[in-house]
Amino acid sequence: MSIVVTGATGLLGRLVVERLLATVPAESVAAVVRDKEKAAPLAARGVELRVADYDRPETLTGVFRAGDRVLLISANEVGRRVPQHTAVIDAAKAAGVAQLAYTGVLGGPDADFQLAAEHKVTEQLILDSGLPHTFLRNGWYTENYTANLAPVLEHGAVVANAGEGRVASATRADYADAAAAVLTGDGHIGATYELSGDVAWSLAEYAAVVAEATGKEITYRNVPASVHQEILTGAGLPEPFAAILVDVDEAVARGALAATSGDLARLIGRPTTPLADTVAAAVAAS
């Protein structure tokens, strides 16, 4: 039996593997990757590499084994995730894995924004498969904001169409700790966790935190959705991706990403990382 992490060289996958290596022997961890060379540092640490491509289901044959505990990290190619996830689910079922944990989205079936659609389909596919499963419904990552500090600092403004909506974000490290806890612990089969930060904050509050960390005047500019779309496409974002970001902001305005269930802090055994800490680290690294 191995603990298997898909997408192990991605931003979240790397952190999950790191957390696992801190608690279990390396030989019990396997990483599903597309690029063996990119994953060479994991192999050097004793992690077993299992090479597969979601877009080529035949490559998933034999990737999973009976008794494995598997983390399916949602693929990052919006619009292609359902067939990709289907291939993984089918392979996991054929192998007889002991657990399939899936990183979905906060709110699950009740999430009403575009980015949630493929997650909802995937959860239903897992239910229909009959696999022993755990749903990790991740909320918004704080890094979704702090990774884009450059334009905020350049223009002195956080620009969005989220109104006064609030976001209960957490860091990737927080979510990685939760995934590792579920993969190494007992009692999680059949469980659904609504994962989010301990504190929900508004974008006006985020702007104030950035201002405090940088010593610069930073404001929050709430703009109509159509204006935000134009700003994003004018900055070079593809129109479909810009539309997704605008739609997420509208969801934030409706309160869709503000829930604070406490599930994340309970799983990781500590408070989630404060917004100010993540902003300070991003500013220091910029």
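Colleague: Hi! I'm new to this one. What kind of model is it?

Modeller: Welcome! It is a predicted model.

Colleague: Thanks. Let's begin with the sheet. How many strands form it, and in what order?

Modeller: Seven strands make up an open sheet, and the order is 3-2-1-4-5-6-9. The pairing is parallel.

Colleague: Which strands stand at the edges?

Modeller: Those are strand 3 (48-51) and strand 9 (192-195). Each has a single partner strand, so one side of each is left without a neighbour in the sheet.

Colleague: And what does the twist average from one strand to the next?

Modeller: The average is 20° per step from strand to strand.

Colleague: Can we zoom in on one pair? Over how many bridges do strand 1 and strand 4 pair?

Modeller: Three bridges, in the parallel sense, join strand 1 (residues 3-6) to strand 4 (residues 69-72). If you want a spot to look at, find Val4, which has Val70 of strand 4 opposite.

Colleague: Got it. Now helices: which strands does helix 1 lie across?

Modeller: Helix 1 (residues 11-21) lies across strand 1, strand 2 (29-33), strand 4, strand 5 (99-105) and strand 6 (133-138). Its direction is at about 160° to strand 1. Helix 4 (residues 117-129) also packs on the sheet, where it touches strand 5 and strand 6. The angle between helix 4 and strand 5 is about 160°.

Colleague: Change of topic: how many aromatic pairs are there in the whole structure?

Modeller: A search of the whole structure turns up four. One to look at is Tyr145 with Trp201: the ring centres are 5.3 Å apart and the planes stand at 75°, so this pair is edge-to-face.

Colleague: Where do Tyr145 and Trp201 lie?

Modeller: Tyr145 is in helix 5 (residues 143-146), while Trp201 is in strand 10 (residues 201-202). The pair therefore ties together parts that are 56 residues apart in sequence.

Colleague: Are Tyr145 and Trp201 buried or exposed?

Modeller: Both are buried. They also belong to an aromatic cluster, together with Tyr206.

Colleague: Nice. What about salt bridges, how many does a search of the whole structure find?

Modeller: It finds 17. Among them is the one between Arg166 and Glu205, with the closest N and O atoms 2.7 Å apart. Arg166 lies in strand 8 (residues 166-167) and Glu205 in helix 8 (residues 203-214), so this pair ties together parts that are 39 residues apart in sequence.

Colleague: How accessible are Arg166 and Glu205?

Modeller: Arg166 is partly exposed at 32% relative accessibility, and Glu205 is partly exposed too, at 36%.

Colleague: Last one: which residues are linked in a network of salt bridges?

Modeller: Salt bridges link Arg19, Asp174, Asp177 and Arg270 into a network.

Conventions. Residues numbered from 1 in each chain as written. Predicted model: local features only at pLDDT ≥ 70, side-chain atom pairs only at ≥ 80, totals over all residues. Heavy atoms only, no water. Pairing = 2+ DSSP bridges. Helix = DSSP H or I, 4+ residues; strand = E, 2+ residues; numbered from the N terminus. Axes fitted to C-alpha atoms, helices over the stretch in contact; angles between N-to-C directions. Contact = heavy atoms within 4.5 Å. Phe/Tyr/Trp six-rings, centres within 6.5 Å; stacked < 30°, edge-to-face > 60°. Buried < 20%, exposed > 50% of the residue type's maximum accessible area, 1.4 Å probe, protein only. Salt bridge = Lys/Arg side-chain N within 4 Å of Asp/Glu carboxyl O.
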